[in-house]
Amino acid sequence: MRRIGLTGGIGSGKSTVAAMLVGHGASLIDTDAIARALAGPGGGAMPAIGAAFGEQMVAADGSLDRAQMRAVVFGDPQAKRKLESILHPLIGQECERQAEAATGALVVFDVPLLVESRRWRAIVDRVLVVDASEEIQLQRVVARSAWEPDAVRAVIAQQAGRPLRRGAADAVIYNENLSLAQLEDEVRQLWRLWTGSSSN
């Protein structure tokens, strides 16, 4: 079963591509969803997070106080590394558990920070990058959310640059001005290439 690492900047259309791959028969492993569960009420990462950062980081329902943690790690690389040292091994364990149980023709790992974490290259067989210009990313995120443009720019600045992501890719979908039908056609071609099947 071939493993595909899927990544792309915020607003690139990565989640749409993930859904299309699932529609063809892929098993999707969403690392963001795993991280949210680990830091949710009663999540497996919460005891270690509370011990490392203080109980003030734990909300009343037992989940991570995300706003407070975001404020701490945004300007403190050491704090960010500490949080990642707690979350990443747990995310990796849950990814492997889900991959072993997967039944799809492809296992797709949706990893927003795949290039930044560096360890994923050894875990997946192929890396698929969904790419779009920063201006397009900004427009899409502002249109779909209540975020201010400066907040979107700050997230983009924290992520790997487009050349670095493309340099790590085995395949790139340039999702600039594609219609959904055109995007689906790009996904279908990759599905055929990687599975030898026409799917649907």
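1. The largest pocket of this predicted model has a volume of about 1,700 Å³. Its lining is made up of 41 residues, and those closest to the centre of the pocket are D32, R70, P112, L113 and Q159.

2. Several helices share in this lining: at least two residues each come from α1 (14-24), α2 (31-38), α4 (66-74), α5 (77-101), α6 (114-117), α7 (134-144) and α8 (149-158). Which helix gives the most to the lining of the largest pocket? That is α5, with 6 residues. By class, the lining of the largest pocket holds 19 nonpolar, 12 polar and 10 charged residues.

3. The second largest pocket has a volume of about 160 Å³, and the residues that line it are L114, V115, E116, R118, W120, R121, L164 and A168. Here α6 gives the most, with 3 residues. The lining of the second largest pocket divides into 5 nonpolar and 3 charged residues, with no polar ones.

4. Turning to the helix contacts, the axes of α3 (residues 46-53) and α5 come within 10 Å and cross at roughly 155 degrees. Because angles over 145 degrees count as roughly antiparallel, α3 is roughly antiparallel to α5, and the crossing in which α3 passes α5 is right-handed.

5. On the α3 side, the contact is made by A48, I49, A52 and F53, and on the α5 side by A79, K82, L83 and I86. The residues of this contact of α3 with α5 comprise 7 nonpolar and 1 charged, and no polar residue is among them.

6. The packing of α2 with α5 has an angle of about 120 degrees, with the two axes 10 Å apart. Since 65 to 115 degrees counts as roughly perpendicular and over 145 as roughly antiparallel, this angle makes α2 oblique to α5. The crossing of α2 and α5 is right-handed.

7. Which residues of α2 and α5 meet? From α2 these are T31, I34, A35 and L38, and from α5 they are L87, L90, I91, E94, C95 and Q98. Sorted by class, the contact of α2 with α5 has 7 nonpolar, 2 polar and 1 charged residues.

Key
Residues are numbered from 1 along each chain as its sequence is written. This is a predicted model: local features need pLDDT of at least 70, side-chain atom pairs count only at pLDDT 80 or more; totals for chains, interfaces and linings use all residues. Side-chain values use heavy atoms; hydrogens and water are left out. On a 1 Å grid over the protein atoms alone, a cavity is a set of points where a 1.4 Å probe fits but cannot get out, and a pocket is an open set with protein on both sides within 12 Å along at least five of seven lines; lining residues have an atom within 4 Å of a point. Grid points are joined across faces, edges and corners, and a volume is the space filled by probe spheres set on the points. Helices (H or I, at least four residues) and strands (E, at least two) are DSSP runs, numbered from the N terminus. Ala, Val, Leu, Ile, Met, Phe, Trp, Tyr, Cys and Pro count as nonpolar, Asp, Glu, Lys and Arg as charged, and the others, Gly among them, as polar. Axes are lines fitted to C-alpha atoms, for helices over the stretch in contact, and angles run from 0 to 180 degrees between N-to-C directions. Angles under 35 degrees count as roughly parallel, over 145 as roughly antiparallel, 65 to 115 as roughly perpendicular and the rest as oblique. A crossing is left-handed if the near helix is turned anticlockwise from the far one by less than a right angle, and right-handed if clockwise. Contact means heavy atoms within 4.5 Å.
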